Amino acid sequence: MNNNSKLTVLPLMLCFFAMGFVDLVGIASNYGHSCYPSLEKPSP
């Protein structure tokens, strides 16, 4: 691989990393809400 193709792939890899991180945060958030319902805001 030459230097130009490596620079082309870098933004794509960063996007995949960001999407994976967002998925993990969503899973952790859903787990927290299911295990600790007292953390949710009370409905008015």
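Predicted model: local features only at pLDDT ≥ 70, side-chain atom pairs only at ≥ 80, totals over all residues.
Residues are numbered from 1 along each chain as its sequence is written. Local features need pLDDT of at least 70, side-chain atom pairs count only at pLDDT 80 or more, totals for chains, interfaces and linings use all residues, and side-chain values use heavy atoms, without hydrogens and water.

**Exercise 1.** Determine how many helices and strands the protein has, and locate phenylalanine 16.

*Solution.* Helices (H or I, at least four residues) and strands (E, at least two) are DSSP runs, numbered from the N terminus. The protein has 1 helix and 0 strands. Phenylalanine 16 lies in helix α1, residues 3–35.

**Exercise 2.** State what share of the 44 residues is buried, and classify phenylalanine 16.

*Solution.* Buried means under 20% relative accessible area, exposed over 50%, and partly exposed in between (1.4 Å probe, protein chains only). Buried residues account for 2% of the 44 residues. Phenylalanine 16 has a relative accessible area of 49%, so this residue is partly exposed.

**Exercise 3.** Report the number of disulfides and the exposure of cysteine 15 and cysteine 35.

*Solution.* A disulfide is a pair of cysteine sulfur atoms within 2.5 Å. Searching the whole structure gives 0 disulfides. Cysteine 15 is partly exposed at 47% relative accessible area; cysteine 35, at 36%, is also partly exposed.
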